[in-house]
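Student: I am new to this structure. Could we go through it in short steps?

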Amino acid sequence: MSELPPAIRLESVSRQYTMGESVIRAVNDVSLTVPTGQFLALLGSSGSGKSTLLNLIAGLDRPSSGSVVAQGQDLSKMSSLELARYRRQTVGMVFQSFNLLPRMTLEENVELPLRLAEVDRSERAARVREALQRVGLEKRIGHRPSELSGGEQQRTAVARALVNRPKILLADEPTGNLDSATGESILTLLREIQKNPGMTIVMVTHERALAERFADRLAIMGDGKLLSNGAAR
Amino acid sequence: MKLRDLSDLAFRNLREAVLRNSLTTLGVAVGVASLVAMLSLGVGLQQLATSRLAKSGLFDSIFVTPKTNLRGPGGGPPATRTPASKARPLDADARAEISRMPNVIEVYPQIRFFTEVRYDGKPYATMVAGMPESSKTSGAFDGMQGQFFSSPNADEAILQAEFAKELSPQTSSLIGKDLILRYAERQSLAAQAGDSAGNPGGFSVVPKEKHFRIIGVVETEPASGFGGFGSGRLLIPLPIAETLRAAQVNDLRDILRDSSSDKPTYSSLTVRVKSPSLVEATETKLKDLGFSAFSLLDASKSLRIFFSVFDLLLGIFGSLALAVATLGIINTLVMAILERRREIGVLKALGAADRDVKQLFFVEAGVMGLFGGVFGTLLGWLIGRSLTLGTNIYLHRQNLPGVDISSVPWWLVLGGIGFAVLVSLAAGLYPASRAARLDPVQALRYE
């Protein structure tokens, strides 16, 4: 595994915001390498900068300085169009509040990334079914998110993140809105997904116990800095 | 994103806030309706005016006289008069030659003669005019009592209303009755023996009678077109009038000229061309052939200019409502951005480019414009029809014939819809670019 190039490499990444006259350093000079196929848990209290770091890896935000290289591509040098393509093809995202579109069925929600990637209509149905099968929700394909439990909604979000077959899965507090048993089942699912050769997972969480059970490595952030780089366990 | 997927999503979004989007679309529809209704009135009135003018035959006709004609309009002041040596007789050969000219649809002589009519045993003096078959469609006979000549060779007569009143105060009772036309027929005389100059022998005038059946009474004066010398009060088919060989006012002068009395010559011919725009070129050709030619200016040209300005003003007033509707679209879409902030964030997180988000809002604006345009054009057409209906009810009460004051041609239908889409897209520009610029991180945080 170590012979493969790293999936993600952060070099002296900083992200600062200006609010009035004060400068807030949300991420402050972070360097981190995530090898391909690793499940990294990014821990920290709220406001520690872990979600900002995840957004930088996702290409939703740009660093104020430093570089973010994912799958060999330097995100800081990409145009917004290239970043959009990167988000479509290279990463999948799972959020704390699921972020499913409420008026769409599960099928339509999961199909959305395929539409954005202009995948042929003939191919879409099979890909959506396959993704929902993987999370065990193929029988609820015609339901709307409001008809599902929290855990099922998060599973749908995982299916949506996987449907474009990304290399990196980014999860921002995926168990934050779930009870502990459901949260555990979601992490079990992520762990299974990680078994796919080459799939790298970065998960932001503040639940240390769960992270220790499921992740390969823990990195801890505080005040925008990387407090502990963690070691592969 | 592909257009089909974009439209799918746009329709879905529009259905989601169906009341608000329907009201916005209705706003566009009202705007388009006012524009289409205004322009349909402009177009309708223009068509009404030009068709009346075209039907009158005044602007597609050229009045041809021989160059030596001393009294016709072609004579002109003495200084411009062509010497008599170049003159060419306006006879049957000339008539045939003119008929063969390109763009000429009809050539007919002006036949009018003063005569006596006997009706119910009493004599009445009047002017007879021969009417060509084409005059049926000139509009002059619209709304007449009775009907037009059954055929160009029927012994039938139409009376001008004032003359009809002289015959009987109850003009409608005249229809179907007979009258006797008494006229002077021209009969040529053989050349006198010993006339070394070979001059034609002139003609004698023989009184004749012919029976005609009255088939109609007309209020207007169809035979008072330019080039005539007085209005015809008794109208008969032109081919019949020609066979009568009735002596006309010009005959005395003709006999002094070189024309043979056996060959009919005409004091004037009316030449009708396909459209008013061809009048000028044909008039020049006729002059080249050696005749005097005269026509009214192409009034349709100035009419077109007038109506272009008229349409422009109507269009500006009609567009005001559409301008208000544009603000409605902008407002609706800006509201939609606020409501769908999170959704835009999700779309961007899933890989939507700024361009995709912009196009999505653009298509939504376009769809509202399309529906508003279609519905508005239909509404505008209905308003136009209602105005026509109302006008016709009023005209009917005034005993006037109905008119079509509004017209929605295909270009107006397509233009109305196209304009609505275009204006809506323009209205969608600002909201779309604002949606595209949304920061996905901020948008995802929005609750």
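Student: Which residue in the turn of the hairpin of S1(A) and S2(A) has a positive phi?

Tutor: This is a predicted model, in which local features need pLDDT of at least 70, side-chain atom pairs count only at pLDDT 80 or more, and totals for chains, interfaces and linings use all residues. Residues are numbered from 1 along each chain as its sequence is written, and chains are lettered from A and ligands numbered from 1 in the order in which they are written. Strands (E, at least two residues) and helices (H or I, at least four) are DSSP runs, numbered from the N terminus. S1(A) and S2(A) form a hairpin with 2 residues between them, and the turn residue with a positive phi, about 65°, is Gly20(A).

Student: How many bridges pair S1(A) and S2(A)?

Tutor: Two strands pair if DSSP finds at least two bridges between them. Met19(A) stands opposite Ser22(A) in S2(A). The pairing of S1(A) and S2(A) is antiparallel, and its bridges number 9.

Student: Which residue of S4(A) is the bridge partner of Ile8(A)?

Tutor: Strand S1 (residues 8-19) and strand S4 (residues 65-70) of chain A pair antiparallel over 5 bridges. Within S4(A), Val69(A) stands opposite Arg9(A). The partner of Ile8(A) is Ala70(A).

Student: Which residue takes a positive phi in the hairpin of S4(A) and S5(A)?

Tutor: S4(A) and strand S5 (residues 73-74) of chain A are antiparallel, with 2 bridges. Ala70(A) stands opposite Gln73(A), and Val69(A) stands opposite Asp74(A). The hairpin has 2 residues between the strands, and the one with a positive phi, near 50°, is Gln71(A).

Student: In what order do the 4 strands of the open sheet in chain A stand?

Tutor: Strands of a sheet pair through backbone hydrogen bonds, either parallel or antiparallel. In this sheet the pairing is antiparallel, and the order is S2-S1-S4-S5.

Student: Why is one side of S2(A) and of S5(A) left without a neighbour in the sheet?

Tutor: Strand S2 (22-34) and S5 of chain A stand at the edges. One side of each is open in the sheet because each has a single partner strand.

Student: What angle does helix H1 of chain A make with S2(A)?

Tutor: Helix H1 (residues 50-58) packs on the sheet and touches S1, S2 and S4 of chain A. Contact here means C-beta atoms, placed from the backbone, within 7 Å. Axes are lines fitted to C-alpha atoms, for helices over the stretch in contact, and angles run from 0 to 180 degrees between N-to-C directions. For H1(A) and S2(A) the angle is about 60°.

Student: How many residues of helix H3 of chain A are buried?

Tutor: A residue is buried if 20 or more other C-beta atoms, placed from the backbone, lie within 10 Å of its own. Among the buried ones in H3(A) are Leu106(A), Asn109(A) and Pro113(A). They pack against H2, H4 and H5 of chain A and also H1 and H10 of chain B. Helix H3 spans residues 106-116 of chain A, and its buried residues number 9 of 11.

Student: How are H3(A) and H4(A) placed, roughly perpendicular or roughly parallel?

Tutor: The two helices pack at about 115°, with axes 9 Å apart. Angles of 65 to 115 degrees count as roughly perpendicular, and those under 35 as roughly parallel. H3(A) and H4(A) are therefore roughly perpendicular.

Student: How many charged residues are in the contact of H3(A) with H4(A)?

Tutor: The contact includes Glu107(A) and Glu111(A) of H3(A) and Arg124(A) and Arg127(A) of H4(A). Asp, Glu, Lys and Arg count as charged; Ala, Val, Leu, Ile, Met, Phe, Trp, Tyr, Cys and Pro as nonpolar; the others, Gly among them, as polar. The contact has 6 nonpolar residues, no polar ones, and a charged count of 4.

Student: How many residues does chain A give to the contact with chain B?

Tutor: Chain B has 12 helices and 11 strands. Chain B brings 17 residues to the contact, and the number from chain A is 18.

Notes: Two residues are in contact if their C-beta atoms, placed from the backbone, lie within 7 Å. A residue is buried if 20 or more other C-beta atoms lie within 10 Å of its own, exposed if 12 or fewer, and partly exposed in between; C-beta atoms are placed from the backbone. Angles under 35 degrees count as roughly parallel, over 145 as roughly antiparallel, 65 to 115 as roughly perpendicular and the rest as oblique.
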